[in-house]
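User: I'd like to learn how to read a structure like this one. Please take me through it feature by feature.

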Amino acid sequence: MDLLEYQGKQLFARHEIPVPSGIPARTVDEALAAAEKIGYPCVVKAQVKIGGRGKAGGVKVAANAEEVREHSEAILGMDIKGFTVYELWIEEASEIEAEYYAAIVFDRSARAALVMLSTQGGMDIEQVSAETPEAIATLHVDPLLGFQPFEARRLAFEAGIDADLIRPIGDFLTRLYETFIAEEALLVEVNPVIITPERKVRALDSKVTLDPSALYRHEENAKLRDPSDEDPQEQMARDRGLTYVKLDGDIGILGNGAGLVMSTLDVVAQYGGEPANFLDAGGGSKADAITGAVEVICSNEKVKAVLFNIFGGITRCDEVANGLIEAFATAKPTVPFVVRLDGTNDVEGRKILADAKLPGVHTAATMNEAAEMVVALAKGESV
Amino acid sequence: MSVLVGTETRLCVAGITGSEGRFHTLNNRDYGTNVVSGVTPGKGGQDVEGIPVFNTFHAAAEQSGANTAMIFVPPPFAADSILEAADAGIETIIAITEGIPAHDELRVYTQIKRTPNIRLIGPNCPGVLSPGKANVGIIPASFFKEGNIGVMSRSGTLTYQIGNELAQKGFGNSSIVGLGGDPIPGTSFIDVLEMFENDDQTELIVMSGEIGGDAEELAAEYIGEHVTKPVVGYIAGFTAPPGKTMGHAGAIVSGSKGTAAAKAEALEAKGVRVGRTPTQVAEIAVEILGG
């Protein structure tokens with residue numbers, strides 16, 4: 001789960017990482033009130049989960065209330081790379097002497113946290129990494145020992161940090177690691193870390209990704225989930241306990257098990273179709289999960305045909321068939337369905353479906369045949 | 001032979017008194033797996049259909065001679081349960097639980113790697129089946145018979161799909177190993193490649209990968225240097241958009257990293273034939289082994 005800049009900074013503040021003070025605002029009036037408290041000059045910053053806000057005109061310095069109004073009006077509702085700005089962060093202006101980069105990444109390949117530090121902050125770090133990789137000092141942390149003071153010093157020396165800042169930057173990295181562990185983050189990135197004229201270290205920006213599997217033990221963080229950046233179908237699916245990812249095509253897909261569903265999308269694409277979604281009804285899909293899934297898939301108006309691909313293991317095909325019958329009774333889908341049932345109780349499941357004579361429901365014996373049929377149906381051809 | 005589970009397996013189940021744990025434990029026993037005990041803290045002394053329950057893995061190991069653990073407890077307790085089994089010296093730990101926090105998994109992985117002779121399979125995996133010998137986990141055993149193809153996979157139902165396609169062509173399996181769909185699996189493709197390479201019963205290896213991470217790329221390198229048996233590959237997720245988690249916590253294309261195309265290419269560069277559909281995997285197996 002990605003956080004907005006200010007949410008990340010609030011997390012940092014919890015762990016005593018110095019951040020400029022600021023107040024979130026959702027309206028121009030709230031922005032004006034926030035600026036009065038913060039004082040002038042202040043910065044009006046668009047809160048969106050995408051980089052490049054500054055270049056897009058989403059970060060502006062305001063010298064007075066009039067400028068706060070002007071910038072807030074311009075930025076609220078602005079589209080930045082497909083993300084609409086619903087929220088602002090009004091922050092005290094900072095004096096900047098130098099800009100550094102610091103990050104900690106959950107490095108699955110190395111099976112350890114990767115700490116990175118560079119004096120080339122404020123730029124696109126992927127560009128720095130590609131052009132001058134030696135400008136980024138990196139180090140993997142032993143997951144059982146944790147980040148040691150000598151490691152912080154080593155990184156600071158290797159990055160070429162000024163002598164008077166070795167200790168403060170080391171402290172900064174140590175606190176960043178504490179945040180990473182305590183909040184169970186998969187990424188904490190600060191770009192830039194600024195050095196003020198008084199030689200103080202501060203986090204001027206934040207990018208934080210939290211582990212969704214760990215939110216059950218971080219109640220405060222779980223509340224930060226923002227429904228406004230979820231697609232309506234994705235929200236519907238989550239409410240029903242289903243895993244759904246929206247895609248661009250017109251063929252609705254349901255299967256059981258993540259790998260089988262991914263494979264189903266691929267096979268449909270190979271037959272020339274375009275999947276409208278990924279939907280995993282779960283390893284032990286029961287009738288109510290199927291009903292919910294049909295509702296979610298069919299609420300996407302682009303969907304012209306639906307493919308059900310079930311390989312029953314724990315999932316029983318007769319339960320899936322009954323679920324589909326229930327779903328037809330309640331959701332009354334108007335698009336054709338292709339159903340492939342294989343595995344546990346497949347014979348019973350197919351018989352239940354055949355007896356029910358649901359309108360527009362076709363059955364297929366194999367995954368390939370099912371994909372071919374649904375692609376034809378989506379094109380308006382008969383099968 | 002077979003790998004990881006077989007006639008020597010003496011299974012102890014954590015979470016045996018829960019409804020899912022109980023159901024699958026009894027299924028495993030019905031299949032012929034030697035289930036010797038279960039662990040539920042506070043329920044020591046009880047039994048589940050004659051299977052004795054202990055309070056700790058240490059007691060279960062000492063008193064029932066368990067050498068394999070199946071972890072069936074909910075995510076908040078799973079990491080602790082794996083560590084307990086390892087501390088009790090149980091050699092093979094198979095974790096079915098899905099949704100264990102990433103940082104827990106990282107600590108568990110590191111600790112297990114530092115403990116000699118302990119192996120973790122999973123988490124978030126369907127278990128291991130050695131047809132005709134033992135089934136530990138939730139793989140529907142009725143679709144598989146004994147044979148000469150070793151299968152390893154990051155996905156459960158996709159494994160059943162591929163196994164079923166192989167069965168329809170008349171093939172059976174030495175072992176079917178679910179590695180799990182999480183970012184830090186305890187056992188990798190490389191570990192199991194080594195086992196299958198050394199297993200007399202296995203004549204062909206099927207590996208089913210998916211988007212995310214670099215396990216398939218590393219396996220390709222390993223195959224090029226160390227594996228003499230034929231390997232057939234499959235990769236799921238060619239159509240997955242970047243930045244979206246496709247059901248499994250580990251199935252995500254990050255930027256340009258972890259794509260299905262890159263994985264298939266890495267395998268093919270080392271001479272591994274990669275099927276573009278599960279059906280094609282079975283067809284390639286027929287070509288290699290003869291129908």
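User: How far apart do the C-alpha centres of domain 1 and domain 2 of chain B lie?

Analyst: Domain bounds come from an automatic or database domain assignment. Here, domain 1 of chain B covers 11–121 and domain 2 covers 144–289. Their C-alpha centres lie 26 Å apart. This is a predicted model: local features need pLDDT of at least 70, side-chain atom pairs count only at pLDDT 80 or more, and totals for chains, interfaces and linings use all residues. Residues are numbered from 1 along each chain as its sequence is written, while chains are lettered from A and ligands numbered from 1 in the order in which they are written.

User: How many residues does each domain of chain B give to the contact?

Analyst: Two residues are in contact if their C-beta atoms, placed from the backbone, lie within 7 Å. Domain 1 of chain B gives eight residues, and domain 2 of chain B gives six. On the domain 1 side, helix H4 (102–113) and strand S7 (119–121) of chain B each give two or more. Helices (H or I, at least four residues) and strands (E, at least two) are DSSP runs, numbered from the N terminus. H4(B) has the largest share of that side, five residues.

User: What is the residue make-up of that domain 1 side?

Analyst: Ala, Val, Leu, Ile, Met, Phe, Trp, Tyr, Cys and Pro count as nonpolar; Asp, Glu, Lys and Arg as charged; the others, Gly among them, as polar. The side of domain 1 of chain B that touches domain 2 has six nonpolar, no polar and two charged residues.

User: How do the axes of H7 and H8 of chain B cross?

Analyst: Axes are lines fitted to C-alpha atoms, for helices over the stretch in contact, and angles run from 0 to 180 degrees between N-to-C directions. The axes of H7(B) (215–226) and H8(B) (260–269) come within 8 Å and cross at roughly 5°. So H7(B) is roughly parallel to H8(B) (angles under 35 degrees). B:Glu216, B:Glu217 and B:Ala220 of H7(B) meet B:Lys263, B:Ala266, B:Leu267 and B:Ala269 of H8(B).

User: Which element gives the most to the side of chain B that touches chain A?

Analyst: The contact takes 45 residues from chain B and 41 from chain A. H4(B) gives the most to the chain B side, seven residues. That side divides into 22 nonpolar, 17 polar and six charged.

Terms used:
Angles under 35 degrees count as roughly parallel, over 145 as roughly antiparallel, 65 to 115 as roughly perpendicular and the rest as oblique.
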